[in-house]
Amino acid sequence: MSSFEWMPDLAAALDELVPVGDSSRADWQDVVARVDKRRLLQQRGRRRPHWSLRLAVVVALLFLLLAGVATATYLLVRSNGDIALGGDVGKLLVVDPNGPGLHAVAGCAAWHPGEGQCLVEQPAWSPDGTRVAFVRGRYGGMPLHFSLYVAAADGTGVRRLALCGECGQFTVGQHLGWSPDGKWIAFSRDNGRQESLWVTAATGGTPRRLTECLAACRGDYKPGWSPDGRQLVFERLGTTAKPGGIYTIRADGSGLRLIAKGGQDPVWSPDGHRVAFDDSSGIEVVNRDGSHLRPLTPGRWRRGEIPPRDPAWSPDGRRLVYFATPGPGPQESFRAEVWTMNGDGSGRERLYRSGWRLIYWAPPIWSPDGRMIAFSVANDPAAGGTFVINADGTGLRRLSSFAFTEELSWQTRPKG
Amino acid sequence: MIAFVRRARERLTVRGVAMRRQKLLIIALVVVVAGSAGIGAATATGLLVRRNGAIAFAHGNNLLAVSLKRPGVRRLWSCRKPLCNIYQLAWSPDGRRLAFVQGYFDGQDPSEASHMFLYVMAVGGKPERLASCGDCGRGLWTQLSWSPDGKRIAYSRSVVYSRSGLTTENIWIVPAAGGKPHRLTHCRSDCRDVDPRWSPNGRLLAFVDYTGGTPWRRVYTVRRDGSHLTAIANGADPQWSPDGRRIAFDGDSRGVEVADADGSHNRLLYPQTGGAGPGVPSWSPDGKKLVFFNTPNSGSSAEVWTINADGTAPQRLYSSGCCVSVWAAPIWSPDGRKIAFGADAAGGTYVLNADGSGLKQLSPFVSASPDPSSMLSWQRLPERTHH
């Protein structure tokens, strides 16, 4: 307890005293008494509230805090649902990462001799996990075209949304883009020569054109909505005269913009500021306005070697998972590797490596909660399959021996 | 307050009933729709026996077709210029178009330096030129390959390097509706990539790479974007099983072999006995059997064999008299019940049942193109159902 703390009051009191001009002992005593009295009065004015009120406030605050955390958890942390696989077995295949084996939904009609294969490709769960979109068609029959479908999460209520011809099948990768609000689906649709991007309501209706792929454009593919739902990023295949690249466009079809020449497989970062993609030098990242292009996997690739590809952001946006295919190896074949790295290219870590003789694969994707990664690798039938692995590289599990797929989609477990 | 809660509850129940009603209605609708679809499909499969179309083959400058239904040979197209020939041909998967290679081969016509072209022709229409392909793999056993969706054609295209005078061939892909061809393989020197074969799911292409070294030829697969070139086996004539999981081929050391699509689990189906066979396997549409051609001894008879996909039950369906020099590889009909083949020793183009019975001559011609072996292509008639 110090006189120092008293000083302001004392000083004030002394200031009051100054005009008096007397500094006798009695006056001084008087001053101290007055100051003490004033402090006492002030303290009474700032009386502490009753304990019950305080308790109520604390309880209310705690409650608010808990409710906030719960809401945030509910809104932000998503729980893992099923994994859907594209494939050439005529059914949409679905596997529960915690359950037994594959089950199949939404298949083609029975096969008859002379007909081509039925393909169910490009599965894409809606953001809320209640619906799944896919592309389905049968080769050899009439018509030869594929269509875009949507079904409920259990595979019932299959509904055709649009005829899309080739639906981007010739290029390798995911071609269906759900808008973040789950209302729209963007897809590639061909006019017999080129493919452009179209958008349809997920509940049906007339699709509308988003891009126009004309001369010096061989096709627009792999649409992805920005997290704010305002823009889409996509890959345009060009010609030798006019090379393609990564473009962005507003959801209303205006504002087409080239953000990176010659890239493929674009993916928005979860914060919407950056786009990761792959090209002849591996994985790169660019800001959404096309500025600050930076390679994340620098290296040189000889003829026949293939740089890493197919980046995917973790839900928290901190890390990227990607796929590498070292080779050609001793048997003139390739092997599969799954890697993760930070968003700036540091901290690279290999999670998985397959044997040689890789033929089909589905590039790695993150689980909705960001803790696991799923991928498919078909090489040796005994070792190949669809796998999940923890993001730190532990706990590799084979969910199914089926691996003749090129796309996976991990459902966010629906709320409620 | 209580009244309000009760009212809210009532509203919820009403909505619940409505929802349940809606659900019932949807279920009923689904049942009705599924039922009618099932009936429709059943009727369609009942009525629509998948008809085999015409068998097309090339004969000099003529593109000919024969049918099991009608007697005689039908001329689909003739190249009327002197010295012009038709070489490779393939029906589109929907049976509506025919792709073929036509032109002059090297040295025949000095006025036209690069000589052969890929055409596509709709049935009853005129051929449209799609691309120039130089030698188009001529002289090696090579075929055109439609993508399973009928949108693209893979073919072999040659380039002569002016400095070395060496010819290399690569696999190219062109949209069947016309458009800019793009190159799929990139073999650079002393190599010829021919005989592309699209996998049934459209994701991979198998082809044969001939080189001047050892092994002299090899079956490869490549992804449809041209990446991940993978060696499968030493041999030629790759044929995808209808489910796309296996590849049958002429193994160079052993005979007709089958491997998994990644080249593993390579196993011998039917051993080599001398002569020029066995070879040019072809899968039945259901994937259970293969048919192949055999010439047991050099300069001997032409034989057609079938064998189960696991190598059991080899069966000789046909054997000609001596001696075969021009022949067309046996192929299955689209419905899997018949097999067509051609051989000069047999005296033409024939069809027989898959069990070896019912041999019938379709035409007295076997292709007389410069290639020692010609090819047949069996049209699959358009189907009206299933999607």
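Thr167(B) sits in strand E10 (residues 167–175) of chain B. Strands (E, at least two residues) and helices (H or I, at least four) are DSSP runs, numbered from the N terminus. The structure is a predicted model, in which local features need pLDDT of at least 70, side-chain atom pairs count only at pLDDT 80 or more, and totals for chains, interfaces and linings use all residues. Residues are numbered from 1 along each chain as its sequence is written, chains are lettered from A and ligands numbered from 1 in the order in which they are written, and side-chain values use heavy atoms, with hydrogens and water left out.

Thr167(B) counts as partly exposed because its relative accessibility is 25%. The classes rest on relative accessible area: buried is under 20%, exposed is over 50%, and partly exposed is in between (1.4 Å probe, protein chains only). Leaving aside neighbours within four places in sequence, Thr167(B) is in contact (heavy atoms within 4.5 Å) with Asp135(B), Ser158(B), Val159(B), Val160(B), Cys191(B) and Arg192(B).

Asn85(B) belongs to strand E4 (residues 85–91) of chain B. At 13% relative accessibility, Asn85(B) counts as buried. Residues up to four places away in sequence aside, Asn85(B) touches Gly60(B), Asn61(B), Val101(B), Gln102(B) and Gly103(B).

Chain B as a whole has one helix and 28 strands. Of its 387 residues, 55% count as buried. Contacts in chain B between residues at least 6 apart in sequence were also sorted by separation. Of these, 41% join residues at least 24 apart.

In chain A, four strands form an open sheet. Their order is E8-E9-E10-E11, with antiparallel pairing. Strand E8 (177–178) and strand E11 (208–209) stand at the edges. Each has a single partner strand, so one side of each is left without a neighbour in the sheet. Two strands pair if DSSP finds at least two bridges between them. E10(A) and E11(A) run antiparallel and are joined by two bridges. Val199(A) stands opposite Arg208(A) in E11(A).

Gln194(A) is found in the loop between strand E9 (184–190) and strand E10 (195–201) of chain A. A polar atom of the Gln194(A) side chain lies 3.4 Å from the backbone oxygen of Leu214(A). Beyond neighbours within four places in sequence, Gln194(A) is in contact with Arg189(A), Cys213(A), Leu214(A), Cys217(A) and Arg218(A).

The two chains meet through 56 residues of chain B and 56 residues of chain A. Together they bury about 4,700 Å², 49% of it on carbon and sulfur atoms. Buried area is the accessible area (1.4 Å probe) that two parts lose on being put together, summed over both. Nine salt bridges are counted between chain B and chain A. A salt bridge is a side-chain nitrogen of Lys or Arg within 4 Å of a carboxyl oxygen of Asp or Glu. Among them, Arg224(B) pairs with Glu406(A), the closest N and O atoms being 2.8 Å apart. On the side of chain B that touches chain A, strand E14 (217–223) and strand E15 (230–240) of chain B are the elements that give two or more residues. The residues of that side divide into 16 nonpolar, 18 polar and 22 charged. Here Ala, Val, Leu, Ile, Met, Phe, Trp, Tyr, Cys and Pro count as nonpolar, Asp, Glu, Lys and Arg as charged, and the others, Gly among them, as polar.

Definitions and conventions
Polar contact = N/O pair within 3.5 Å; in protein donor to acceptor, adjacent residues only side chain to side chain.
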